[in-house]
Amino acid sequence: MQFEYTPYIIPLIAAALISAAVAVFARARRSVGGALALFHIALSLVIWTVGYALEIAATDPDMKYVWGTIQYFGIALAPYAWLVFSITFAYGDSARILTKRFFFLTAPIPTVTILLALTTKWHGLIWSEYHVAPQADFSALVVSRGLWFWVHFAYSYILILAGSILIGRALFKRQGLYRGQAAALLVAVLAPWVGNALYLTGNSPIPYLDLTPFAFTVTAAALAWAIFGFRLVEIAPIARE
C-alpha cells in the first residue's frame with residue numbers, strides 16, 4: 001500500500017482531528033439528549049474525511065477504490081444521524097417520535113447503501129465504473145454513478161432538509177444559548193452540502209476534487225463552537241411540541 005503526498009490532505013486531517021474531539025466529547029456526555037446522535041455525526045465525519053484523504057493520497061487504483069467505498073460508512077450515516085439529532089434538538093421529549101417504528105422505516109436505505117457501496121464492483125448500483133485521472137497535485141478517482149447512488153442522494157437531501165427545517169424553527173423560536181446553538185448547527189450542516197452540490201454539478205474550482213470533505217473543516221469548527229461557545233450537549237432543549 002503506497003501513498004503520495006498532496007497538500008489537500010492537510011485540511012482533511014484537520015477536519016478529522018476536530019471531528020474526533022467532538023465525538024469524544026459527545027460520547028462522554030451520552031446521557032444528555034442528542035449527545036449520542038452528535039457522536040455519530042462526528043464519527044461519520046471522521047470516517048469520511050480520513051477515507052477521502054487516503055483515497056486521494058493512494059497511488060494504486062484498487063486502493064483508491066477501497067478507500068472510496070469505505071467512505072460510505074460516513075456518507076450514509078451522516079445525513080441519518082443529522083436527522084435524529086435534529087429531532088432530539090427540536091423536541092426535548094422525543095420518545096414519541098424516535099420509536100422502533102421510526103428506525104424501522106428510516107434506517108433501511110442508509111444500511112442498504114453501505115452494503116451496496118462495499119459490493120458495487122459486482123453490480124454497479126453505486127459506481128458503474130471508475131478510473132484514475134491524474135491532476136497537478138493529486139490523482140482523482142473518477143466514477144460513473146449507478147442508480148442506487150441517486151436513490152441515496154435524494155434520500156439524504158430529504159433527511160438534511162427535514163433536519164435543517166427543525167433546527168431553523170428552533171433558531172427563530174428560542175432565545176439565548178439555544179438560538180446560538182441552532183445557528184452554529186445550521187452553519188455546520190450547510191457548509192458540506194454546498195460543497196457537495198458544487199462537486200456533483202461539476203462546478204468545483206479544482207476539477208475532480210470533492211469539496212464536501214473539505215467543508216467538514218467548517219462543520220467541525222461549527223460543532224466545536226456550538227459545544228464550547230453555546231454549551232451544546234450540556235443543557236437540555238426547552239421545546240415541547
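A search of the whole structure finds 3 cavities of 30 Å³ or more. On a 1 Å grid over the protein atoms alone, a cavity is a set of points where a 1.4 Å probe fits but cannot get out, and lining residues have an atom within 4 Å of a point. Grid points are joined across faces, edges and corners, and a volume is the space filled by probe spheres set on the points. The model is predicted: local features need pLDDT of at least 70, side-chain atom pairs count only at pLDDT 80 or more, and totals for chains, interfaces and linings use all residues. Residues are numbered from 1 along each chain as its sequence is written, and side-chain values use heavy atoms, with hydrogens and water left out.

**Largest cavity**
- The volume of the largest cavity is about 380 Å³.
- Its lining has 25 residues, and the closest to the centre are Tyr72, Ile75, Phe149, Tyr199 and Asp210.
- The lining of the largest cavity comprises 17 nonpolar, 5 polar and 3 charged residues, where Ala, Val, Leu, Ile, Met, Phe, Trp, Tyr, Cys and Pro count as nonpolar, Asp, Glu, Lys and Arg as charged, and the others, Gly among them, as polar.

**Second largest cavity**
- The second largest cavity holds about 140 Å³ of space.
- Of its 14 lining residues, Ile41, Trp82, Ala188, Val189 and Thr219 are the closest to the centre.
- Helix 9 gives the most to this lining, with 4 residues.
- In this lining, 13 residues are nonpolar, 1 is polar and none is charged.

**Ile114**
- Ile114 belongs to helix 6 (residues 108–118).
- With a relative accessible area of 17%, Ile114 is buried (under 20%; exposed is over 50%, partly exposed in between, with a 1.4 Å probe and protein chains only).
- Leaving aside neighbours within four places in sequence, Ile114 is in contact with Tyr72, Phe73 and Ala76 (heavy atoms within 4.5 Å).

**Aromatic rings**
- There are 11 aromatic pairs in the structure; rings of Phe, Tyr and Trp (its six-membered ring) pair if their centres lie within 6.5 Å, and planes under 30 degrees apart count as stacked, over 60 as edge-to-face and the rest as tilted.
- Tyr65 and Tyr130 are stacked, because their ring centres are 5.0 Å apart and their planes at 25°.
- Tyr65 is buried at 7% relative accessibility, whereas Tyr130 is partly exposed at 27%.

Technical notes. 1 Å grid on protein atoms, 1.4 Å probe; cavity = no way out; pocket = protein on both sides within 12 Å on 5 of 7 lines; lining within 4 Å. Helix = DSSP H or I, 4+ residues; strand = E, 2+ residues; numbered from the N terminus.
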